[in-house]
Amino acid sequence: MQRRSNEIEEEEEDGRRGLESVRESQLEGRSSGTVSMNGEDCVYVGVGKGDSSMEALRWAIDNLMTSSSTLLFLIHVFPETRFIPYPLGRLTREKASQEQVESFMSQEREKRRTLLLKFLHACSASKVKVETILVESDSVAKAVQDLITILNIKKLVLGIDKSNARKATTMKGNSVPELIMRSSAADVCEVKVICQGKEINMEQAMIASSPAKSPIAHRQKKDQPVDPFACICFISKPKTNR
């Protein structure tokens, strides 16, 4: 199930714009088109609970929002609801009453709203036009890969923490950015991976680690030679909040 919130209520108050609410509207089925407005340049940023999400968003705002017509989309993937908690444990969604399901789903929507408002406020403060795409899936990487194809995404920004970025250099990690970079989605979409506010070159890191196994290596060889002196640099920096 895919959900998209493109109805963001904004009010002018004392010269400041405030985002008052985020409403989720269910989309039936999948769209084969691209979510854009009159061919505007679009940038997509994956957001979640970690600090790296806000770092990715801020990097995208500073580096990819090239004009006032550029539209930014926040992609948030949340898990499918299979169980409903109750005082003595939890019930499968099918066995829970309609009232229990509706109460729990309402609480979860409010949590997502609170989470997303932080990112929406950051966009509003930078005068960036923004919409949100909410996807219900137990696999974040697979959901994002599907969106790349369905929405014809060309620019995607993802955050990664320092620990997962280091694992990527040894091909031992399974972070969302690494899984997407290994997939065919990276062939059609420019994926920017941000660690501690800095862009890192995961392609060259993964090639240097395992050139024979990485599908990225084959793409890289066709386009340009690998720089043997390229590296990933980590600079200590205070964390920010999502």
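Before looking at any crossing, I wrote down the term I would need: a crossing is left-handed if the near helix is turned anticlockwise from the far one by less than a right angle, and right-handed if clockwise. I also noted that this is a predicted model.

Entry one, the helix pair. I looked up α1 and α2 and found that their crossing is right-handed. The residues that make the contact are S53, M54, L57 and I61 on the α1 side, and K118, F119, A122 and C123 on the α2 side. Sorted by kind, the residues of this contact come to six nonpolar, one polar and one charged. The two axes come within 11 Å and cross at roughly 20 degrees; angles under 35 degrees count as roughly parallel, and therefore I recorded α1 and α2 as roughly parallel to each other.

Entry two, the largest pocket. I noted about 890 Å³ of space in the largest pocket, with a lining of 40 residues, among which V47, G48, K49, G50 and S53 lie nearest the centre. Which element gives the most to this lining? I found that α2 does, with five residues. By kind, the lining divides into 16 nonpolar, 12 polar and 12 charged residues.

Note on methods
Residues numbered from 1 in each chain as written. Predicted model: local features only at pLDDT ≥ 70, side-chain atom pairs only at ≥ 80, totals over all residues. Heavy atoms only, no water. 1 Å grid on protein atoms, 1.4 Å probe; cavity = no way out; pocket = protein on both sides within 12 Å on 5 of 7 lines; lining within 4 Å. Points joined across faces, edges and corners; volume = space filled by probe spheres on them. Helix = DSSP H or I, 4+ residues; strand = E, 2+ residues; numbered from the N terminus. Nonpolar A, V, L, I, M, F, W, Y, C, P; charged D, E, K, R; others polar. Axes fitted to C-alpha atoms, helices over the stretch in contact; angles between N-to-C directions. Parallel < 35°, antiparallel > 145°, perpendicular 65-115°, else oblique. Contact = heavy atoms within 4.5 Å.
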